[in-house]
Amino acid sequence: MALKVKVGIVGMGQGGASIYKTLRSIEHIEIAVVCDCSETAQGMQLARLDRVKTLSSLDDLFKITNLDVIIEATGLEYVREQINHYKENSCVVIEAQGANLMMHLIEEKEKLADIKRLKGELDAILNSVQEAIEVASIDGNIKYVNPSFSRVTAIPAGQRIGNNIFEVSPNGALARSLRTHEAVFAHRAVVGGADVEVVANASPIVVEGKMEGAVVVFQPLTDIYKLMEQLKASNRVIDDLQTRINQISTSSYTFDDIIGSHPEFESALDLARKAAKSNSTILITGESGTGKELFAHAIHASSLRLDKPFIKVNCAAIPETLLESEFFGHEKGAFTGALKTKLGKMELANGGTIFLDEIGDMNLHLQAKLLRVLQEMEFERVGGSQTIKVDVRVIAATNRNLLQMAKQGDFREDLFYRLNVVELGLPSLRNHKEDIPAYVHSLIAKFNRKFGKHVKGLTTKAEELLMQYEWPGNIRELQNVMERAMVTVDEEIITHKQFLNLVEFPQTIHHGQIIDEIMPIEQMEKHLINMAIERYGNAVEGKKQAAKALGISLATLYNKLKTMG
Ligand SMILES: Nc1ncnc2c1ncn2[C@@H]1O[C@H](COP(=O)(O)OP(=O)(O)OP(=O)(O)O)[C@@H](O)[C@H]1O
């Protein structure tokens, strides 16, 4: 441990107290004793708080040995004389004036240490910043450049410092700021003495209200361009992710949402549940409204891919010209309007399931491409050359007879067999009418919630009516009819009249039955056509006979069936 200087202070009024305060913070000084004839002197109280020895008489002070220094802070002649007379020989006496000078020196030294510390910090900052910095005095004399200045301009500090900015870079931001005494922002210029184009900001350096010089901070344009490129690339990634997030959906239904216990329906459910666990491609067939999409959702939701995307593509709804790009995505500029790269549904579905609804409406060209994807799980974006590999499970659905279409050349036979690994045929509602009460029950609960009603059920006659009807639109049609009935009903029980009064609701006409309600002719026509198809069958031969029975040509029947949907 370093030896401490032992100090005693005599006179602890204002002057002595301030000397005391300065000395007590200095590490190598030990204030051994303080002395004042007044116990209440300002410095005496301070010393007592610090547990420093306090004395009220000089006689006691002289009894203390080994003091290195006595500071005389009373300013009184006789006190000084006494101290000089009685002190030990080795002890030095410093008078208050001298002590004050010493304090001043100590303070200056500490300020200097502060400045040095600040300079060290500033140096570290200036050396580490990426921007180039140059400082000049008011007459243009270059005083300082940081390491980045030399990196950007390739001019070593030694060659730059000492030059005059008005000579080496008269048009730069630094010279301008020195001339105008104002800050200069985003100034583009070529650094004098180097061939580098930069963007600079300069500011005057003002000390106590007086301008003493200026400082310039600049970056080469290439750095800025690089940053802009990086920013653009990041934005592209963000855009792609955004598009992904917007487009990715997940399945919304599970098997729990599917109602139906008729044996024919139940066996379809069984097959779907089993197929869900495998990775096989599934072709769901069935008339419109039989629940094909609902099944596709449920299959995805109980497959191993459930937390991956479920992407639906309605092949009939997308214009043929866009189908390929919707499917496989496109590169920026692949065609007019392709302003940016877009991921296709196939890529978005990666890891999950793609549901190809109305697959029978896909054109032959795309069918060929789809076949390749199914076989190799790879494709290229429209306008792109990079092959993209994916892992997608395909569920396709159609209400058309794909096999027949394949035979007529309207659908690729090889694709049909690829899709038809598991064929899941959903029965028409008229083939499992026994499930109607269960559907009705669940629909009443659903629409009670939706419309805030308290409907409890149907009259027997109303239920009979629903059971008699053939439901060409299947469960979707039943849903629509129930919704309309629920909107209009005011009672708690829906009667058959409720259904008859619904304009759109077609009435069942059995063979030989007399029509007792007036209805629009168009509606009547629909019934007759349905009746004929029902009687003679939906196959081409059946339709020929139906047309004959209705007294119209086969083409007219097809047209009418098309309009009826
Ligand atoms: N078994 C069922 N249980 C409950 N709701 C069903 C059932 N089947 C179908 N639905 C409902 O009927 C409506 C039509 O079903 P979905 O859209 O799945 O039929 P689809 O066969 O895909 O029709 P389309 O061929 O016209 O696209 C949906 O609102 C669906 O939730």
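From which domains does the shell around the ligand draw at least three residues each?

1. The shell around the ligand draws at least three residues from each of domain 3 (255-425) and domain 4 (430-504); the domain bounds come from an automatic or database domain assignment. The model is predicted: local features need pLDDT of at least 70, side-chain atom pairs count only at pLDDT 80 or more, and totals for chains, interfaces and linings use all residues. Residue numbers start from 1 along each chain as its sequence is written.

2. Around the ligand there are 16 residues, and Ser288, Gly291, Lys292, Glu293 and Leu294 come nearest. A residue is near a molecule if its C-beta atom, placed from the backbone, lies within 6 Å of it. Helix H12 (292-301) and helix H20 (474-488) are the elements that give two or more residues to this shell. Helices are DSSP runs (H or I, at least four residues), numbered from the N terminus.

3. By class, the ligand shell has four nonpolar, eight polar and four charged residues. Ala, Val, Leu, Ile, Met, Phe, Trp, Tyr, Cys and Pro count as nonpolar, Asp, Glu, Lys and Arg as charged, and the others, Gly among them, as polar.

4. Helix H11 (residues 263-277) and H12 have axes that come within 8 Å and cross at roughly 40 degrees. Axes are lines fitted to C-alpha atoms, for helices over the stretch in contact, and angles run from 0 to 180 degrees between N-to-C directions. H11 and H12 are therefore oblique to each other; angles under 35 degrees count as roughly parallel, over 145 as roughly antiparallel, 65 to 115 as roughly perpendicular and the rest as oblique.

5. Ala272, Ala275 and Ala276 of H11 make the contact with Phe295, Ala298 and Ile299 of H12 (C-beta atoms, placed from the backbone, within 7 Å). This contact has six nonpolar, no polar and no charged residues.

Note on methods: Contact = placed C-beta atoms within 7 Å.
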